[in-house]
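This report describes selected features of a single protein structure. The sequence and the coordinates are shown below, followed by an account arranged by topic.

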Amino acid sequence: QVQLVESGGGLVQPGGSLRLSCAASGSIFRIDLMGWYRQAPGKERELVATITSTNIIEYIDSVKGRFTISRDNAKNTVYLQMNSLKPEDTAVYYCNAVIMTTGYSHLEVWGQGSLITVSS
């Protein structure tokens, strides 16, 4: 019915940059909150950044000043620009969205996950 498809993961050296994209498709009436989570090996999933439909943005402290979340409402897509990457940013990154469908149901949808490895 509704799905999120991520792209842009990979291997990067410390100090490098990557951009993740996440496109929503399906029976979408409106996308409310969009965000990015990550799960490092052996750790719980944590929220990284969120952006509302009116571009109110929040970040966890460890990525402030390095990561930028943005969205293109016309494309139903959310982005995460990651700069000055550190080894501790290594994780599987998941996009997340709260979506109202054309049938006026609210769904929370997850992307498939993208592995980001920061290593020299």
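Is Asp61 buried, partly exposed or exposed?

The model discussed here is predicted. Asp61 has a relative accessibility of 63%. Because the threshold for an exposed residue is over 50%, Asp61 counts as exposed.

The side chain of Asp61 meets that of Lys64 in a salt bridge, with a distance of 3.0 Å from N to O. Lys64 has a relative accessibility of 48% and therefore counts as partly exposed.

## The salt-bridge network around Arg38

The structure holds five salt bridges. Arg38, Glu46, Arg66 and Asp89 are linked in a network of such interactions.

Arg38 has a relative accessibility of 6% and so counts as buried. Asp89, at 1%, counts as buried. For Glu46 the value is 34%, and Glu46 therefore counts as partly exposed.

One of 3.0 Å joins the side chains of Arg38 and Asp89. Another, with a distance of 3.0 Å, is made with the side chain of Tyr93.

When residues up to four places away in sequence are not counted, Arg38 touches Glu44, Arg45, Glu46, Val48, Ile60, Ser62, Val63, Phe67, Asp89, Ala91, Val92 and Tyr93. This list includes Glu46 and Asp89, to which Arg38 is also linked in the salt-bridge network.

Strands of a sheet pair through backbone hydrogen bonds, either parallel or antiparallel. In this model, an open sheet of four strands has the order S1-S3-S8-S7, and the pairing is antiparallel. S1 and strand S7 (67-72) are the edge strands, each pairing on one side only. From one strand to the next, the twist averages 15°.

Strand S1 (residues 2-7) and strand S3 (residues 18-26) run antiparallel and are joined by six bridges. Val2 has Gly26 in S3 as its bridge partner, and Glu6 stands opposite Cys22 in S3. S3 is also joined by six bridges to strand S8 (residues 77-82), again in an antiparallel arrangement. Here the bridge partner of Ala23 is Thr77 in S8.

## The disulfide

How many disulfides does a search of the whole structure find? The search finds one. A disulfide is a covalent bond between the sulfur atoms of two cysteines. In this model, the bond joins Cys22 to Cys95, with an S to S distance of 2.0 Å. The link is right-handed, with 50° about the S-S bond. Cys22 lies in strand S3 and Cys95 in strand S9, so the pair, at 73 residues apart, links distant parts of the chain.

Why does Cys22 count as buried? Residues under 20% relative accessible area are classed as buried, and Cys22 has a relative accessibility of 1%. Cys95 is buried too, with a relative accessible area of 0%. Cys22 is therefore a buried residue that is bonded to Cys95 and stands opposite Glu6 in the sheet pairing.

Conventions
Residues numbered from 1 in each chain as written. Predicted model: local features only at pLDDT ≥ 70, side-chain atom pairs only at ≥ 80, totals over all residues. Heavy atoms only, no water. Pairing = 2+ DSSP bridges. Helix = DSSP H or I, 4+ residues; strand = E, 2+ residues; numbered from the N terminus. Axes fitted to C-alpha atoms, helices over the stretch in contact; angles between N-to-C directions. Salt bridge = Lys/Arg side-chain N within 4 Å of Asp/Glu carboxyl O. Buried < 20%, exposed > 50% of the residue type's maximum accessible area, 1.4 Å probe, protein only. Polar contact = N/O pair within 3.5 Å; in protein donor to acceptor, adjacent residues only side chain to side chain. Contact = heavy atoms within 4.5 Å. Disulfide = S-S within 2.5 Å.
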